[in-house]
Amino acid sequence: MAEISEGDSNFDALFKAFVMIVVSEIGDKTFLIAAIMATRHPRVTVFGGAFASLVVMSILSAALGRVILGLIPKVWTLWAASILFLVFGIKMLQESFSMAAGNFHIQEEMREVEEELEEDSAVHDSHNARGTSSNIPLESLEEGKVLIGPLEQRHWTITVKEKLRNIIQLLTNPVFAQAFVLTFLGEWGDRSQITTIAMGGAHSVPVIAFGTILGHGVCTAGAVVGGRYLSTKISVKHISLLGSAAFIIFAFLYALEAYYYRPELDDGAF
């Protein structure tokens, strides 16, 4: 019976992680990046770069939750997850009420993402209007210097980002590297990442990582296949309302789990 309970618990955690990602990511910035890039480049390459980035982010976030919250009693991580879901749920509810009906909001975000992609391509495209090359000299790469337009940027975050991008580009191709880096940066610090960290501290890391990877896979596949079309049909207001409902329900479920939690029944699974 204990094994059935453990399996049910793992399935519940996986389901929560999957639903949390789906309701958070549809129409989000990373969704739009994949959708727009897929209209300009091979869909398989865009999907590969974006999804690979999200796989890394999912595993990293779930593991980070265990590292950060691993020393805290599990009952407190459950209460923390409940509070976090409640706060994000209320925030999404407030945002949805302030949005206009229809797809105006998502169209506005698409314009912003398109501008960001144009700027990024202007900097890194090997045949941009300036006629410069995106292949960074090995000497500059080793010294941590990257030429961006006419100016040399030395800030460490830019250096790290450009080094990562050039390494990925050397191993794959520029489109894969662009999709990977822009998706990673778009997801870093996002609501879904913070929630994944909290869930990673409350549950098994592999289960949460797998659930979030499944959710990201579904969203990214939808984005590259028909994201541009979907963006003209879906209403961010309705998605936000659905997401806020899901987050508030999960907050209630985590509160119940924390209230009835018994340490002696916890197997301490990683």
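Modeller: Helix axes are lines fitted to C-alpha atoms over the stretch in contact, and angles between N-to-C directions run from 0 to 180 degrees. This is a predicted model, in which local features need pLDDT of at least 70 and side-chain atom pairs count only at pLDDT 80 or more, whereas totals for chains, interfaces and linings use all residues. Residues are numbered from 1 along each chain as its sequence is written, and side-chain values use heavy atoms, with hydrogens and water left out.

Colleague: In what order do the elements of the protein chain run from the N terminus on?
Modeller: Helices (H or I, at least four residues) and strands (E, at least two) are DSSP runs, numbered from the N terminus. The protein chain has 11 helices and two strands. From the N terminus on, the order of elements is α-α-α-α-α-α-β-β-α-α-α-α-α.

Colleague: What percentage of the 270 residues in the protein chain is buried?
Modeller: Residues are classed by relative accessible area: buried is under 20%, exposed is over 50% and partly exposed is in between (1.4 Å probe, protein chains only). For the protein chain of 270 residues, the buried share is 44%.

Colleague: Of the contacts with a separation of 6 or more, what percentage joins residues 24 or more positions apart?
Modeller: A contact means heavy atoms within 4.5 Å. Among contacts in the protein chain with a separation of 6 or more, residues 24 or more positions apart account for 86%.

Colleague: How are α3 and α9 oriented to each other: roughly parallel, roughly antiparallel, roughly perpendicular or oblique?
Modeller: Angles under 35 degrees count as roughly parallel, over 145 as roughly antiparallel, 65 to 115 as roughly perpendicular and the rest as oblique. Helix α3 (residues 43–69) packs against helix α9 (residues 191–202) at an angle of about 50°, and their axes are 7 Å apart. The relation of α3 to α9 is therefore oblique.

Colleague: Is the crossing of α3 and α9 left-handed or right-handed?
Modeller: A crossing is left-handed if the near helix is turned anticlockwise from the far one by less than a right angle, and right-handed if clockwise. The crossing of α3 and α9 is right-handed.

Colleague: How do the residues of the contact of α3 with α9 divide by class?
Modeller: From α3 come M57, S58, S61, A62, L64, G65, R66, I68 and L69, while α9 supplies Q193, T196, I197, A198, G200 and G201. Ala, Val, Leu, Ile, Met, Phe, Trp, Tyr, Cys and Pro count as nonpolar, Asp, Glu, Lys and Arg as charged, and the others, Gly among them, as polar. By class, the contact has seven nonpolar, seven polar and one charged residues.

Colleague: Which residues of α9 meet α4?
Modeller: The axes of α4 and α9 come within 8 Å and cross at roughly 160°, which means that α4 is roughly antiparallel to α9. This crossing is left-handed. Facing K74, T77, L78, A81, L84, F85, F88, M92 and E95 of α4 are the α9 residues R191, I194, T195, A198, M199, G201 and A202.

Colleague: What span does helix α4 reach from its first C-alpha to its last?
Modeller: The expected span of a helix is 1.5 Å times one less than its number of residues. Helix α4 (residues 74–98) has 25 residues; close to the expected 36 Å, its span is 36 Å.

Colleague: Which residues of α2 are buried?
Modeller: Nine of the 10 residues of helix α2 (residues 29–38) are buried, so α2 is largely enclosed by the rest of the structure. The buried residues are T30, F31, L32, I33, A34, A35, I36, M37 and A38.

Colleague: Which residues of α2 make the contact with α8?
Modeller: The axes of α2 and helix α8 (residues 174–187) come within 9 Å and cross at roughly 160°, so α2 is roughly antiparallel to α8. On the α8 side the contact uses V175, Q178, A179, L182, T183, G186 and E187, and on the α2 side T30, I33 and M37.

Colleague: Which residues does A179 touch, not counting residues up to four places away in sequence?
Modeller: A179 lies in helix α8 and, at 1% relative accessibility, counts as buried. Its C-alpha is 8.0 Å from that of F47, 132 residues apart in sequence. Not counting residues up to four places away, A179 touches M37, V46, G49 and A50.
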